[in-house]
Amino acid sequence: MRVIDVEGEQLGIMSSLEAYRLAQDKGLDLVKINPGAKPPVCKIMDYGKYKFDMSKKEKQVKKAQKQAELKEIRLSMTIDVGDVQTKAKHAIKFLSAGDKVKVSIRMKGRQQAHSKLGIGVMNDFYKLIEEVGVMEKIPSTEGRNIIMIVMPKK
């Protein structure tokens with residue numbers, strides 16, 4: 001097998017027994033890096049320290065990632081202009097923080113017969129937030145609800 005030293009220098013091709021003795025003399029482990037190669041490649045290293053460093057790197061990568069949450073804003077078909085602007089400010093705050101926003105309207109009673117009015121309210125709401133968001137899912141009627149999903153612009 002081909003053996004690599006702690007510093008990354010190649011020690012050459014030797015038997016597994018010789019390589020194991022060499023690792024034991026240094027107080028380290030013999031780790032197969034590429035067992036499928038001809039000859040197999042092994043490295044002399046402190047395997048416990050290697051595993052610890054790898055888990056530390058994984059934790060830092062996870063910490064750096066931010067999961068985009070799905071925030072919901074509820075409107076109504078009879079919402080007033082001032083209320084729409086207030087809800088738009090909240091949506092802009094969510095979008096600028098990197099979260100997706102689900103905008104929904106729940107239709108009640110006779111409103112279900114006029115779902116086009118609700119879609120119009122959704123489109124007016126989108127016009128207020130379109131500088132920070134992109135429509136991922138256009139307003140569509142699903143049962144008693146009208147749902148639109150807006151994601152932040154890159």
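This is a predicted model: local features need pLDDT of at least 70, side-chain atom pairs count only at pLDDT 80 or more; totals for chains, interfaces and linings use all residues.
Reader: In what order do the elements of the protein chain run from the N terminus on?

Author: The order is β-β-α-β-β-α-β-α-β-α-β-β.

Reader: What makes the protein chain more spread out than a compact globule?

Author: The globule rule gives 15 Å for 154 residues, whereas the radius of gyration is 30 Å, well over that value; the chain is therefore more spread out than a compact globule. Along the principal axes, the C-alpha atoms fill a box of roughly 85 × 25 × 25 Å.

Reader: Why is the pair Asp5 and Lys26 called a salt bridge?

Author: The N to O distance between the two side chains is 2.8 Å. A salt bridge requires a side-chain nitrogen of Lys or Arg within 4 Å of a carboxyl oxygen of Asp or Glu, so the pair qualifies. Side chains of opposite charge can pair when their charged atoms come close.

Reader: Which parts of the chain does the pair of Asp5 and Lys26 tie together?

Author: Asp5 belongs to the loop between β1 (2–4) and β2 (10–13), and Lys26 to helix α1 (residues 16–26); the pair therefore ties together parts that are 21 residues apart in sequence.

Reader: Why does Asp5 count as buried, and how is Lys26 classed?

Author: Asp5 has a relative accessibility of 7%, and buried means under 20%, so Asp5 is buried. Lys26 stands at 41%, between the limits of 20% and 50%, and is therefore partly exposed.

Reader: What makes Lys100 and Glu136 a link between distant parts of the chain?

Author: The closest N and O atoms of Lys100 and Glu136 are 3.0 Å apart, in a salt bridge. Lys100 lies in strand β6 (residues 100–106) and Glu136 in strand β7 (residues 133–142), 36 residues apart. Lys100 is partly exposed at 30% relative accessibility, and Glu136 is partly exposed at 39%.

Reader: How many salt bridges does the structure hold, and what share of the residues is buried?

Author: The structure holds five salt bridges, including the pair of Asp5 and Lys26. Buried residues make up 27% of the 154 residues in the protein chain.

Definitions and conventions. Residues are numbered from 1 along each chain as its sequence is written. Side-chain values use heavy atoms; hydrogens and water are left out. Helices (H or I, at least four residues) and strands (E, at least two) are DSSP runs, numbered from the N terminus. The radius of gyration is taken over C-alpha atoms; the globule rule is 2.2 Å times the number of residues to the power 0.38. Buried means under 20% relative accessible area, exposed over 50%, partly exposed in between (1.4 Å probe, protein chains only).
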